[in-house]
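User: I've got a model open and I'd like to learn how to read it. Can you walk me through it, one feature at a time?

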Amino acid sequence: MTDVQPHSLRWRLVRRLAGLQAAMLAVFALLAVAALWGGGFLISLESEDDTIDALRNAIFRDANGEIVVHDTPALARRRDEAGNFWFVIRDRQGHSVSQGRVPLEYAKIGDALDGIGQARLGWNIGDGPRPTARLKWIDTAAGQVQILTGPGGTVSWRRIGLAISTLFLSVVLPVVALMTLATLIATPIVVRRTLAGLGLAAAQAEKIDVDGRGARLPLEAVPSEIVPLVSAVNDALRRLDEGYERHQRFLVDAAHELRTPIAILQTRLESLSLGPDAGRVLEDVARLSTLADQLLDLQRVNQQVDRFSSVDIVAIGRKVAADLAPLAIAADYEISFESALEQVYVRGDQGSLERALTNLIQNAIQYGGRKGVIAVRVDQPATISVTDDGPGIPSTDRERVFEPFYRLHGRGRGAGLGLNLVQEIVRRHDGEVAISEGPTGGACVRMMFKPAQRTS
Amino acid sequence: MRLGRLSFDVGNREASVGGQPLDLPRRELLVLEALLRRMGRTVARSSLEEAVYSIDDEIQSNALDTHISRLRRKLSEAQADVEIHSIRGVGYLLKHSP
């Protein structure tokens, strides 16, 4: 499988949102500047600065101390460009020089503004069109002079670029930075809160395994955009459940149906006089019957989880040992039961646990070497063990004997399902089963459960 | 009730082996009867004690074992072809031993 790097919704959102905000602000700022410029309110003022710049290098004094303006190329260009080119230059000593048609509003205004470093003079938006002007004190070759001039001519590209850059740096960029920061902080929080419900669904999904039926993912806290996915998963789970149920029913039915003809066969064979081979034929049929029974037991165990209650494994141990004692004694064993405690409770199904212990004792009877003691013990915290004095189970086989249809002894009555059933039952009870060696080298099989409080 | 060469007359509460009456004290007879009623199957220690002792009796912990061992010896001496197996921690079992 190729390793697909899942993309992060959070960072994708942050990137896209920040990008969108920046683009929209830039477009908005450009539009606003263009609109103002188009209306003549904003950028047209800037052209006076070009005139002032051109004048700055053209002002000198003659021998009498009068201010003179040399016609520099820059100044000539300004005059050509501007429709109505005018300026007034004066110093604090009262010398002044002017060119062009000075608007009436500004004819004497410079005299009153000696104390003002610079000023923009204009109108309010909504007033009739009137000339605007720019006043500024600058240092020139003629000393400090006051220049008053009007608009006109083009604004140099450098100045436009500078103005726009200033606008972007001072307004757009800080706003974009601020919004990006807000997006950066808010988006992960929003994403996390929104997707919190998914964590719940994921936790639920973690618990789904092959033994649990009817598990569904919760839809309540899941955002509506993800509901289709969760619903689809739930539908898939439902279909799997149905398939599994059908499968289970078929296996139970099959095992059940198998038992009837075997039972009939057994009865018929017993009524026949088969001669010296009768024993072996009956043994074969008994083996068939055991196999069918074990298959059925295996399937039934899967359906009993909901019937769990508090059961005493000491009582179970004593009962099963008593029930199987005749079989054990008939096979030349002694059988004993010991418990460290009077009662030990676990949550479980009485029938299944009896079934598991019965299988272990039957195994001990069958493979315990037909000598010695079969010892059934209950130990703390909640362990049932069966130990025999037989040859034991080689350590290399101790895992494999739990596999279905695995048989340690090629011949024998077993179908290889007995220990598998034990394992299934113990697992169903949240327990563990393990094989070790008894004190005399025999097999010791332990079923370890979790102890429960005595409740019912 | 019969098992091996042993027979037990429930009405008169008498045991005999091959026609010869077996002389047993009352409590041993009660033990034998309880075992015979479930011959071939395990009889829990507690139900044997219930059968042999009334509520008033004081039970000594090894009294039942004493009765069983005496009974065992007498049955074997009379060649009754039955055997009492003890199942430690559970109880006793009487079965035919050919």
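Analyst: Let's start with contact, which means heavy atoms within 4.5 Å. This is a predicted model, where local features need pLDDT of at least 70, side-chain atom pairs count only at pLDDT 80 or more, and totals for chains, interfaces and linings use all residues. Residues are numbered from 1 along each chain as its sequence is written, chains are lettered from A and ligands numbered from 1 in the order written, and side-chain values use heavy atoms, with hydrogens and water left out.

User: Okay, which residues does Ser7(B) touch, not counting residues up to four places away in sequence?

Analyst: Ser7(B) touches Met1(B), Arg2(B), Glu14(B), Ala15(B) and Ser16(B). Ser7(B) sits in strand 2 (residues 6-9) of chain B; helices (H or I, at least four residues) and strands (E, at least two) are DSSP runs, numbered from the N terminus.

User: Is Ser7(B) buried or exposed?

Analyst: Buried means under 20% relative accessible area, exposed over 50%, and partly exposed in between (1.4 Å probe, protein chains only). Ser7(B) has 15%, so it's buried.

User: How confident is the predictor in chain B?

Analyst: Look at pLDDT, the predictor's confidence in each residue, from 0 to 100. Chain B has a mean pLDDT of 86, with 92% of its residues at 70 or more. Where pLDDT is low, the predicted coordinates should not be read in detail. For the complex, the predictor gives an ipTM of 0.88 and a pTM of 0.59.

User: On to chain A. How many helices and strands are there?

Analyst: Chain A has 9 helices and 14 strands. Of its 456 residues, 37% count as buried.

User: Where does Ala29(A) lie, and what does it touch beyond four places away in sequence?

Analyst: Ala29(A) is in helix 1 of chain A and touches Leu167(A) and Val172(A). The C-alpha atoms of Ala29(A) and Val172(A) are separated by 7.2 Å, though the two are 143 residues apart along the chain. Ala29(A) counts as buried because its relative accessibility is 11%.

User: What about the largest nonpolar core?

Analyst: A nonpolar core is a set of buried Ala, Val, Leu, Ile, Met, Phe, Trp, Tyr and Cys residues joined through side-chain atoms within 4.5 Å. The largest one here has 51 residues, and those with the most contacts inside it are Leu357(A), Ile361(A), Ile374(A) and Met447(A). Helix 7 (residues 313-330) of chain A gives the most to this core, with 10 residues. A second, separate core of 28 residues includes Val17(B), Tyr53(B), Ala63(B) and Tyr92(B).

User: And how do I read salt bridges?

Analyst: A salt bridge is a side-chain nitrogen of Lys or Arg within 4 Å of a carboxyl oxygen of Asp or Glu. In one of them, Arg61(A) meets Asp91(A) at 2.8 Å, N to O. Arg61(A) is in strand 1 (residues 59-61) of chain A, and Asp91(A) is in the loop between strand 3 (87-90) and strand 4 (96-99) of chain A, 30 residues apart. Arg61(A) is partly exposed at 31%, whereas Asp91(A) is buried at 1%.

User: Which residues are linked in a network of salt bridges?

Analyst: Glu338(A), Arg377(A), Asp379(A) and Arg88(B). Within that group, Glu338(A) and Arg377(A) pair up at 3.1 Å, N to O. Glu338(A) lies in strand 9 (residues 334-339) of chain A and Arg377(A) in strand 11 (residues 373-379) of chain A, so the pair ties together parts 39 residues apart in sequence.
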